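Hello,

Here is the structure I promised to pass on to you. Please have it open while you read, and take your time with it.

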Amino acid sequence: MARKPAIRRITIANTGQTIDCAANQTILHAALAAGIDYPYACASGNCGSCVSQLDTGKVTMLARSDTSLSPEHAKSGRILACRALPKTDVGLTWLGRGRR
């Protein structure tokens, strides 16, 4: 029998909401599924609209374009919500404006 993926708690400072996110689910997809109007455009790591500051916790970043998140920004704690899988409970603040 397959094990269920671990559930992480994601706290989004912009809204004050805390949501559940499976360890194998991106933060963006969990936020959208929870009804949060998280800023994004492409959802594939190419545009940078979902750029966020990782305030607490750790994530694994999936492949992305360096033009959407430079290595320098990644080192300073920025992530793309569409490419971030939570390794621990996470606190973050979105910085992008997305579709607005």
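Let me start with a question: which residues of the largest nonpolar core touch the most other members? They are I10, I12, I27, Y38 and L92, in a core of 23 residues. Please keep in mind throughout that this is a predicted model.

Several elements build that core. At least two residues each come from β1 (7–12), β2 (17–22), α1 (27–33), β3 (51–56), β5 (78–80) and β7 (90–94). The top contributor is α1, which gives four residues. Apart from residues up to four places away in sequence, L92 touches I10, T11, I12, A13, N14, I27, Y38, S52, Q53, L54, D55 and I79. Three of the names from my opening question, I10, I12 and I27, turn up in that list, and so does Y38.

Now zoom out to the overall fold. You will find two helices and seven strands, and from the N terminus on they follow the order β-β-α-β-β-α-β-β-β. The radius of gyration is 13 Å, close to the 13 Å that the globule rule gives for 100 residues, so the protein is as compact as a globular protein of that length. Along the principal axes, the C-alpha atoms fill a box of roughly 40 × 25 × 25 Å. Of the 100 residues, 39% are buried. Among contacts between residues at least 6 apart in sequence, 60% join residues at least 24 apart.

Next, the charged side chains. How many salt bridges does a search of the whole structure find? The search finds one. It joins the side chains of D20 and R9, with 2.3 Å from N to O. D20 sits in strand β2 and R9 in strand β1, 11 residues apart. Both ends are partly exposed: D20 has a relative accessible area of 44%, and R9 has 37%.

R83 is buried but has no salt bridge, and the nearest side chain of opposite charge, D66, is 11 Å away. What lies 2.8 Å from a polar atom of the R83 side chain? That is the backbone oxygen of A63. Beyond its neighbours within four places in sequence, R83 is in contact with T26, S44, G45, T60, M61, L62, A63 and R64.

Enjoy exploring, and write back with any questions!

Best wishes

Terms used:
Residues are numbered from 1 along each chain as its sequence is written. This is a predicted model: local features need pLDDT of at least 70, side-chain atom pairs count only at pLDDT 80 or more; totals for chains, interfaces and linings use all residues. Side-chain values use heavy atoms; hydrogens and water are left out. A nonpolar core is a set of buried Ala, Val, Leu, Ile, Met, Phe, Trp, Tyr and Cys residues joined through side-chain atoms within 4.5 Å. Buried means under 20% relative accessible area, exposed over 50%, partly exposed in between (1.4 Å probe, protein chains only). Contact means heavy atoms within 4.5 Å. Lys and Arg count as positive and Asp and Glu as negative; His and the chain ends are not counted. A salt bridge is a side-chain nitrogen of Lys or Arg within 4 Å of a carboxyl oxygen of Asp or Glu. A polar contact is a pair of N or O atoms within 3.5 Å; within protein, one must be able to donate a hydrogen and the other to accept it, and residues adjacent in sequence count only if both atoms are side-chain atoms. The radius of gyration is taken over C-alpha atoms; the globule rule is 2.2 Å times the number of residues to the power 0.38.
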